There are 2 protein chains.
Amino acid sequence: MNRFLSACFKKPVDRPPVWVMRQAGRYLPEYRQVREKAGDFLTLCRTPELAAEVSLQPVRRFGLDAAIVFSDILTPLVPLGVELEFSPAPHIANPIRDAADVSRLTIPEPWSGTEFLDETLERVRSELESETALIGFCGAPWTLASYLVEGTTSRSFTKIKGFALSQPDAFEDLLDRLADAMAAYLRRQVEHGAQVLQIFDSWLGTLGAEDAPRWALAPATRLLEQLADLVVPRIYFANGGSHLIDMLGDVPCEVIGVDWRTRLDEAAARLPDHAVQGNLDPGILMGPPEIIERRTQAMLAKAPRSGYIANLGHGITPDVPVDHMAAFVRTVQEFRYDRD
Amino acid sequence: MNRFLSACFKKPVDRPPVWVMRQAGRYLPEYRQVREKAGDFLTLCRTPELAAEVSLQPVRRFGLDAAIVFSDILTPLVPLGVELEFSPAPHIANPIRDAADVSRLTIPEPWSGTEFLDETLERVRSELESETALIGFCGAPWTLASYLVEGTTSRSFTKIKGFALSQPDAFEDLLDRLADAMAAYLRRQVEHGAQVLQIFDSWLGTLGAEDAPRWALAPATRLLEQLADLVVPRIYFANGGSHLIDMLGDVPCEVIGVDWRTRLDEAAARLPDHAVQGNLDPGILMGPPEIIERRTQAMLAKAPRSGYIANLGHGITPDVPVDHMAAFVRTVQEFRYDRD
């Protein structure tokens, strides 16, 4: 078992594995080159040769412990009938407004409509060494529902909350469909080479403790439970969820990903049955390399001694200099757990 | 002493006072009418007759316990030499990039350049009954610095964090200047009729526990300490700061405002020396009135028995129906503390 998988299962490792959310992204000149060749973002996602290439670029450059397959959390909504565009923010031409809209979301059975990703996964897997893990992913039901109801990236999330409160049955139906669709989609990713699965709940932080359990954690649980028979570790990225840490212990997965607002030592203490992933503030990568090193060391000092995956607390931003990313990764790679 | 001021000082009241952030705003048809007459947003802020009118509108309609003077947190930056526009998001034509930019920010002494607000405050105060408090406000240094360095509303806050890490002396100078300028600005608001002061740290939630103390809480403290000789209560709105609750007890003010991610009972327990303000999720106002009532009652049940001001956890959004706002306010107004 490689370092990444071992850490997910809280087995001993020499040092924490490291990868970075959005590691295949615009901060890399070689990514921008491929992105330009592809033309638009969705074409890049749907062209296995190019998507595989950008998935592999950061692994080649930094020697990361995992590749994440290049795609977007919204692409698997297209097989459900969602009309999706990026310009560059995502726009949904047929947003969900009522129960009838929800009932039109039909899950292909067996899952189909994302065959491009099957091929991308296979290409990436065949190029990776066995010590490098391949991560598949999807969006969590609450996060996907937010896009579907708001129609685009929102600041206030009032449409979705109004929908959830005014049409609770339709909303529950929506969350159930998204959970079941994403479970089928992730299962297919495993069939084609994904060895780890990450569920991005990017908008979890918009919910207070009254609503997060029913609107976010319950549907994420429904999704994750359908994957329990697979041997792959599951990571639930609880973005913005520092105030919900006492509720995350019940999420059926191996790893909880936390952002930089969550204290890593507190997360580990509150989640004794989970491995923890995170959590350097991506903004720190804008500072000088010596500060990046110092802050990464401080992060590692706060992290649990077993069951820990080093990462940023959110995606790397396009303005980060490549050598700053390198300083972060190298600091983790040079770290060693003391042997007691 | 009226109900609002009593609650700020943790004195007995019959029920919690209630007001709402952005209560003078686009959800009100009478506001939209005045806004249209003014033309653009900055003109509305700078025309005392119109600004006073919109400040008073929600008090007239809902019988709120406080009016907040209509303005924007960025308007007092103009006297420092900042070139500000709204289109409709704020844009700063001369953003701060280095120490020289910071050194050009000069604080008028005595404070001047916001005379329009003096008149607005006087007009509002003269129209209010004595039981209604008048709130003056400003942005906190971290929040204002974010706009000054980013140049507009940001999602990732990488420019300001890069600036803070790469040019720490210039950044500290910037925070100090903003703290001192805002202290002078708030003092002037009190001279012209403000009876309560709220400091909005709208972007506090972008900082983890490593950086919030030095970049947000220390400069906010510097600002607040300069107002300690005034008799007016000071409210620090710690937006997004649920993960910092154990640090907020040291902020020198009478009231801590919290958002809906912070549990109200936990906030009160962790802040025994402060009154607490908040915190219904503004998204709840998009639900049916009976749900708004139930959720408001639940909020009141969680709130401390003394030293509590009812509010939303963030500004009311433009899409809220007026009768939904009314349901929220009425539920608080009908509540009574039990007499033991």
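Mentor: Two residues are taken to be in contact when their C-beta atoms, placed from the backbone, lie within 7 Å. The model is a predicted one. By that criterion, 26 residues of chain B are in contact with 25 residues of chain A. On the side of chain B that touches chain A, the most is given by helix α8 (residues 158–166) of chain B, which supplies five residues. In composition, this side of chain B has nine nonpolar, twelve polar and five charged residues.

The symmetry of the pair comes next. Chain B is superposed on chain A by a rotation of 180° with 0.0 Å of shift along the axis, at an RMSD of 0.0 Å. The two copies are therefore related as by a two-fold rotation axis. The same surface serves both copies, since 96% of the contact residues of chain B recur in chain A. Within chain B, the residue that comes closest to the rotation axis is B:H243, with its C-alpha at 3.3 Å.

In chain A, the helix α8 (158–166) is also among the elements that cover the buried residues of α7(A). The others include β3 (90–92), β4 (133–139), α9 (168–191), β5 (196–200) and α10 (212–225) of chain A. Ten of the ten residues of α7 (residues 141–150) of chain A are buried, so this helix is largely enclosed by the rest of the structure. Among these buried residues are A:W142, A:Y147 and A:E150. After α7(A) comes A:G151, with a positive phi near 90°.

Helix α9(A) also gives the largest share, eleven residues, of the largest nonpolar core, which has 112 residues. Those with the most contacts inside this core are A:I135, A:V196, A:I199, A:Y236, A:I256 and A:V276. Leaving aside residues up to four places away in sequence, A:Y236 touches A:I199, A:D201, A:A220, A:L224, A:V251, A:C253, A:I256 and A:G257. Another core, of 111 residues, lies apart from it and includes B:V13, B:A67, B:L74 and B:I135.

Helix α4 (residues 48–62) of chain A has 15 residues, which at 1.5 Å a residue should span 21 Å; its end C-alpha atoms are 22 Å apart, in agreement. A:P58 is itself buried, and other buried residues of α4(A) include A:P48, A:V54, A:V59 and A:F62. Their cover includes α2 (29–38), α3 (41–46), β1 (66–68), α6 (115–127) and α14 (322–334) of chain A. Just after α4(A), A:G63 adopts a positive phi of about 65°.

Some backbone details complete the account. The peptide bond from A:G278 to A:N279 is cis, with omega near -5°, and A:N279 is placed in strand β8 (residues 275–280) of chain A. In chain B, a cis peptide bond with omega of about 0° joins B:E109 and B:P110; B:P110 is in the loop between α5 (99–103) and α6 (115–127). B:K10, although not a glycine, has a positive phi of about 60°, and B:R22, also a residue other than glycine, has a positive phi near 60°. B:K10 is in the loop between α1 (3–8) and α2 (29–38) of chain B, and B:R22 is found in the loop between α1 and α2 of chain B. With 18 C-beta neighbours inside 10 Å, B:K10 counts as partly exposed; B:R22 is partly exposed, with 18 other C-beta atoms within 10 Å.

Conventions:
Residues numbered from 1 in each chain as written. Chains lettered and ligands numbered in written order. Predicted model: local features only at pLDDT ≥ 70, side-chain atom pairs only at ≥ 80, totals over all residues. Buried ≥ 20, exposed ≤ 12 C-beta atoms within 10 Å, placed from the backbone. Helix = DSSP H or I, 4+ residues; strand = E, 2+ residues; numbered from the N terminus. Expected span 1.5 Å × (residues − 1). Least-squares fit on C-alpha atoms with pLDDT ≥ 70 in both. Nonpolar A, V, L, I, M, F, W, Y, C, P; charged D, E, K, R; others polar. Core = buried A, V, L, I, M, F, W, Y, C linked by C-beta atoms within 7 Å.
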